[in-house]
Amino acid sequence: MDKMPKWADVVLIPLISLILAAILSALVILGIGEDPVAAVNMMVSGALGSTYGWGYTLYYATNFMFTGLAVAVAFHARLFNIGGEGQAMLGGLGVALVCLYVPWPHWTIALLAACAASMLFGAIWAAIPAYLQARRGSHIVITTIMFNFIAAAFLNYMLVNVMRPVGSMDPATARFNESVHLPTLHELLAPIGINFSKAAPANVSLLVAVLACVVVWALIWRTRLGYEIRAYGHSETGALYAGISPYKITMIAMLISGALAGLMAINNVMGEAERLVLNSTEGAGFIGIAVALMGRSHPFGVFLAAILFGFLYQGGAELALWTNIPRELIVVIQALVILFTGALDNMVRMPLEKIFLALRKGNA
Amino acid sequence: MTLMKTLMGAATAVALTAGAALAEPALIFDLGGKFDKSFNEAAFNGAKRWADETGGSFREIELQSEAQREQALRRFAEAGANPVITMGFAMADPLSAVAADYPDTKFVAVDVTWLDAPNIRQIGFAEHEGSYLVGMLAAMASKSGTVGFVGGMDIPLIRHFGCGYAQGAKAVNPDVKIVANMTGTTPAAWNDPVKGSELTKAQISQGADVVYAAAGGTGVGVLQTAADEGILSIGVDSNQNHLHPGKVLTSMLKRVDVAVYDAMKAGENLETGVFNMGLAEEGVGYALDDNNAPLISDEMRAAVDKARQDIIDGNLKVVSYYENDSCPAVNF
């Protein structure tokens, strides 16, 4: 832990990883005969150059904040929850049920109810793998990823056979009622004189996501439960010795994690689509893993990493719109960033640690 | 691709100054992708033909995600693209939300006929009529008296295809056995050639010796397996006869390319409203070329051409699955 100064761990490593990913992406773009500088320009101006671009960037970022926090909380208890995708799908089902079948008088009440429903559904979906891990020792990585498939199949069944309006070809629910429409950033900022783009889907859920970041921070570092979660994550035997129940911590950490992943549905289902479609999560559950890794499981890091990935998503969409870079290559660019910041973390970390160690020895 | 290449520089400038009026048409491909050898590719071919003939250029995007549907519509409309052409029924919902915000932009919706907006050209195809003709050919070419149907995603549209096919087959041979399978219930079913291949094998084991694939990219697997196993297949949307010359009996043409070509040709002066493209409008039909000429005898050709004329004249009515959500000739 103290091989490197804190700033190197938090800032330098992600930065170097990003630069490496950018260099490789530039080579890929060069390889297909396009201009990487123009492409980067287009991504930046498309994602950050207008309130419209920001609106989409923040919309994607909101999704990633929720799923990133979900993964981060589980990480602290050394549980690898890769079921965020399925938990978010079920969260979407909860939101759809609440929004479709209850006539809400005002969006604020509907939002509270939708939050509760999405968290409940997400938590239930995480509870089963958590129980299997805590009581039966079934590895959480295996069970959560399997539950993603079960969630997809279940949602498919619900949408195709139960919730699809008669005569509709789309496996999707009907549109939600106007009264549960969440205000977009345009509607929120207009009264204070800021003219935010009307077309962008970023909505009030962004504030909920930021609030969730603060709450998770307080939970992990300012409460007894958070201390127990971290203690368990650092050393199971140590925690056991201190009287912390592994069963309790596993269950609670996973329930919180699932609830946070499910909460994402207020953004993509209630805020953007205003109906439940089959593939509403669109991989955000998996991006959450990269976001949590890059953010070093700290809520503020998750916040920043989520915005970075939001930028990549929106910038990628702009590339697809205005250039003839094929969409597969845009996925490649996004994947390179995930690879370098998430999976290949140690590739940058180990040499850096050696350098810092050598420097320290030189000083000593 | 090359025609877009010259646009690369200009596109950068446009992205920076989005809103500049450029009356270029734009084409939005559905999630299946531009080169699905079927529905989306037909649209691309129509657009390419227009570009080659007029020297014009068009914008295009292959959608990656659901959130991009509305985004792409708005971005193209704001950049001044006109008309904005969309592929597939899944665009109906985003179109209904977006179209009213851009009254000066004309939108084209292929496979959508139920929206209520003054600036959308909605194009529906009489797939049951075209499928009826290939159904007749299938029953006439079949020696076993069993014909197969492999659908993509199980939605009313695909049942509509299958229903026309079954009626055509039964018109030729009332005792014909029709084996119908759907690949799946999700959009993934449009692009699952492996499953298509398995279903084809299963249908062969049930005696089918002609299989009709109405399944987008999944159909590639159906046609491949049929060719490998020595039976005949029928392609869909684009002319797929050339994929396995002499092994593909015919293709049910859905002239999406013509619809896209016409829309681009009309440009900003596009007529809006609901358009139905049937046999009379040559919106659907069956493919006859050098690749399948030896498979279609003069008799078969005469019978199908007579039926075609009867349908156009109104003497023969092919029941549409949409009429009461059921099919008189086959159960799905």
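This is a predicted model: local features need pLDDT of at least 70, side-chain atom pairs count only at pLDDT 80 or more; totals for chains, interfaces and linings use all residues.
User: What does β5(B) pair with, and in which sense, parallel or antiparallel?

Analyst: Strand β4 (residues 107–110) of chain B pairs with β5(B) in the parallel sense, over four bridges. Strand β11 (residues 273–277) of chain B also pairs with β5(B) in the parallel sense, over five bridges.

User: Where is F125(B), and what is it in contact with?

Analyst: F125(B) belongs to strand β5 (residues 120–125) of chain B. Apart from neighbours within four places in sequence, its contacts are K254(B), M277(B), G283(B) and V284(B).

User: Why is F125(B) called buried?

Analyst: Because 26 other C-beta atoms lie within 10 Å of F125(B), and the cut-off for buried is 20 or more.

User: How many Å separate the C-alpha atoms of F125(B) and F29(B)?

Analyst: The separation is 18 Å, for two residues 96 apart along the chain.

User: Changing topic. What is the strand order in the open sheet of six strands?

Analyst: The order is β7-β6-β8-β9-β10-β12 in chain B, and the pairing is mixed. The edges are β7 (177–184) and β12 (284–286) of chain B, each of which pairs on one side only. From one strand to the next, the twist averages 15 degrees.

User: How do β6 and β8 of chain B pair, and which helix packs on the sheet?

Analyst: Strand β6 (residues 146–153) and strand β8 (residues 210–214) of chain B pair in the parallel sense over five bridges. Within that pair, G151(B) stands opposite A214(B) in β8(B). The helix packed on the sheet is α7 (residues 156–172) of chain B, which touches β6, β7 and β8 of chain B. The direction of α7 makes about 170 degrees with that of β6(B).

User: What are the domains of chain B?

Analyst: The domain assignment gives domain 1 as 2–126 + 257–277 and domain 2 as 127–253 + 283–324. Their centres, taken over C-alpha atoms, are separated by 29 Å.

User: How many residues of each are in contact with the other domain?

Analyst: 13 residues of domain 1 of chain B are in contact with 18 residues of domain 2 of chain B. On the domain 1 side, helix α3 (residues 39–54) of chain B gives the largest share, three residues. That side divides into seven nonpolar, two polar and four charged residues.

User: Now chain A. How many helices and strands?

Analyst: Chain A has 16 helices and zero strands. Its C-alpha trace spans about 75 × 60 × 40 Å along the principal axes.

User: How does the radius of gyration compare with a compact globule?

Analyst: It agrees: chain A has 21 Å, and a compact globule with 364 residues would be near 21 Å. Of the residues of chain A, 49% count as buried. Among contacts in chain A with a separation of 6 or more, residues 24 or more positions apart account for 77%.

User: What about the contact between the chains?

Analyst: 29 residues of chain A are in contact with 29 residues of chain B. On the chain A side, the elements giving two or more residues are α2 (36–48), α6 (140–163), α12 (265–273) and α14 (299–322). The chain A residues there divide into 15 nonpolar, eight polar and six charged.

User: Where is P201(A), and what does it contact?

Analyst: P201(A) is in the loop between α7 (185–189) and α8 (205–222) of chain A. Setting aside neighbours within four places in sequence, its contacts are G55(A), Y56(A), Y59(A), T184(A), G271(A), E272(A) and, across in chain B, A67(B).

User: Buried or exposed?

Analyst: P201(A) is buried, with 24 other C-beta atoms within 10 Å.

Terms used. Residues are numbered from 1 along each chain as its sequence is written. Chains are lettered from A and ligands numbered from 1 in the order in which they are written. Two residues are in contact if their C-beta atoms, placed from the backbone, lie within 7 Å. Ala, Val, Leu, Ile, Met, Phe, Trp, Tyr, Cys and Pro count as nonpolar, Asp, Glu, Lys and Arg as charged, and the others, Gly among them, as polar. A residue is buried if 20 or more other C-beta atoms lie within 10 Å of its own, exposed if 12 or fewer, and partly exposed in between; C-beta atoms are placed from the backbone. The radius of gyration is taken over C-alpha atoms; the globule rule is 2.2 Å times the number of residues to the power 0.38. Two strands pair if DSSP finds at least two bridges between them. Axes are lines fitted to C-alpha atoms, for helices over the stretch in contact, and angles run from 0 to 180 degrees between N-to-C directions. Domain bounds come from an automatic or database domain assignment.
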